[in-house]
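I opened this notebook page to record what I looked up in the model, entry by entry.

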Amino acid sequence: MHTPASMVTGIVFAPLGLVLVFTAAITPQWREGQARLGMAGPGSFLRSGGKGQGSGVRSGSMEALLLLRSDGLWESCLQVENSELKQCWPVAGPYRRDPRVRLAQGLILTSLFLCGTGIVLACIGVRCWTDIPLRGVAATGGLLVVVAGLLSLTALGVYTHNVASLGMADPSKGTNNPRFPHLSLHPAGSLYFGWLGSCLQMLGGTALLFSFKRPRYPTCPSCPKLPVCPACRSCPEITNKPDTDVYEVSC
């Protein structure tokens, strides 16, 4: 017996969406910006932490340093343009305490959990190795995947709408850190991964929801009121006919 196309679509799109949303969650490129620092006094250094290469770059011989700042849900990074110097650290300060960031973190974690649970249920329900799938189980998994997609879309929408003001005491004045003057922040690559993954979750979950619809079985010509399951082949007139796709849906 063939697996319905809706189940195949859902079981492919849902894991893809989960991978993309997970990738967006762990990468620190939800927003990014750049700031140019004027020349500091001779002998000053730009120190680099865990991911840095070497101890620093002497800024006394430079007119300015172009710093690239990026923030994620759980990590922030700072890098000097055209340099291997890069330092990352867990989010802290006003940005970490911002209720909108906390909301996005909670929604993304819940979305990942629900999507993973839904995929497990969908795999159990599809049962490609048997004749009759567990349609209710597969559809329940699809419902969880749809809810996960809605949660991740909500988190992305909240973050994108407030991307420039997250962690800022006064958004009209830009960043409140005097070390990074004129730092303008805008959406970065991780958000686009998240949007794409959330849409795939919605598509995959919606396809799995079609599993609630029961297949249309043929009937025996001798007994029109008696539905015949092709797996049983109890009616001789059905047996002599070519196989019927029991999952064909007529609009």
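This is a predicted model: local features need pLDDT of at least 70, side-chain atom pairs count only at pLDDT 80 or more; totals for chains, interfaces and linings use all residues.

**Entry 1. Basis of the values**

**Entry 2. Helices α4 and α5**

Helix α4 covers residues 135-161 and helix α5 residues 189-209, and the two pack at an angle of about 155 degrees with their axes 7 Å apart. That angle makes α4 roughly antiparallel to α5. In this scheme angles under 35 degrees count as roughly parallel, over 145 as roughly antiparallel, 65 to 115 as roughly perpendicular and the rest as oblique. The axes are lines fitted to C-alpha atoms, for helices over the stretch in contact, and angles run from 0 to 180 degrees between N-to-C directions.

I then sorted the contact of α4 with α5 by class and recorded 15 nonpolar, 10 polar and no charged residues. Ala, Val, Leu, Ile, Met, Phe, Trp, Tyr, Cys and Pro count as nonpolar, Asp, Glu, Lys and Arg as charged, and the others, Gly among them, as polar.

**Entry 3. Helices α3 and α4**

I turned to helix α3, residues 99-126, whose axis comes within 7 Å of that of α4 and crosses it at roughly 160 degrees. α3 and α4 are therefore roughly antiparallel to each other. α3 passes α4 in a left-handed crossing. The contact of α3 with α4 holds 20 nonpolar residues, 10 polar and 1 charged.

**Entry 4. Helices α1 and α5**

I looked next at helix α1, residues 5-26, and found that its axis and that of α5 come within 7 Å and cross at roughly 155 degrees. α1 and α5 are therefore roughly antiparallel to each other. I logged their crossing as left-handed. Their contact divides into 15 nonpolar, 10 polar and no charged residues.

**Entry 5. The chain as a whole**

I counted 6 helices and 7 strands in the chain. Helices (H or I, at least four residues) and strands (E, at least two) are DSSP runs, numbered from the N terminus. Along the sequence the pattern reads α-β-β-β-β-α-α-α-β-α-β-β-α. Of the 251 residues in the chain, 38% are buried; buried means under 20% relative accessible area, exposed over 50%, and partly exposed in between (1.4 Å probe, protein chains only).

I found β3 and β4 running antiparallel and joined by 5 bridges; two strands pair if DSSP finds at least two bridges between them. They form a hairpin with 5 residues between them, and Asn 82 in the turn has a positive phi of about 55 degrees. Gln 79 has Lys 86 in β4 as its bridge partner, and Cys 77 has Cys 88.

How many disulfides does the structure hold? I found 1, taking a disulfide as a pair of cysteine sulfur atoms within 2.5 Å. Cys 77 and Cys 88 form it, with their sulfur atoms 2.0 Å apart. Cys 77 lies in strand β3 (residues 75-80) and Cys 88 in strand β4 (residues 86-90), so the pair ties together parts that are 11 residues apart in sequence. The torsion about the S-S bond is about 105 degrees, so the disulfide is right-handed. Both Cys 77 and Cys 88 are buried.

**Entry 6. Two further cysteines**

I checked Cys 115, which is buried at a relative accessible area of 0%. Cys 123 counts as partly exposed, at 39% relative accessibility.

I located Leu 65 in strand β2, residues 64-71. Leu 65 is buried, with a relative accessible area of 13%. Its C-alpha atom is 7.7 Å from that of Glu 81, 16 residues apart along the chain.

I placed Arg 96 in helix α2, residues 93-97. Arg 96 is partly exposed, with a relative accessible area of 36%. Arg 96 and Glu 75 are 9.6 Å apart, C-alpha to C-alpha, and 21 residues apart in sequence.

Conventions:
Residues are numbered from 1 along each chain as its sequence is written. Side-chain values use heavy atoms; hydrogens and water are left out. A crossing is left-handed if the near helix is turned anticlockwise from the far one by less than a right angle, and right-handed if clockwise.
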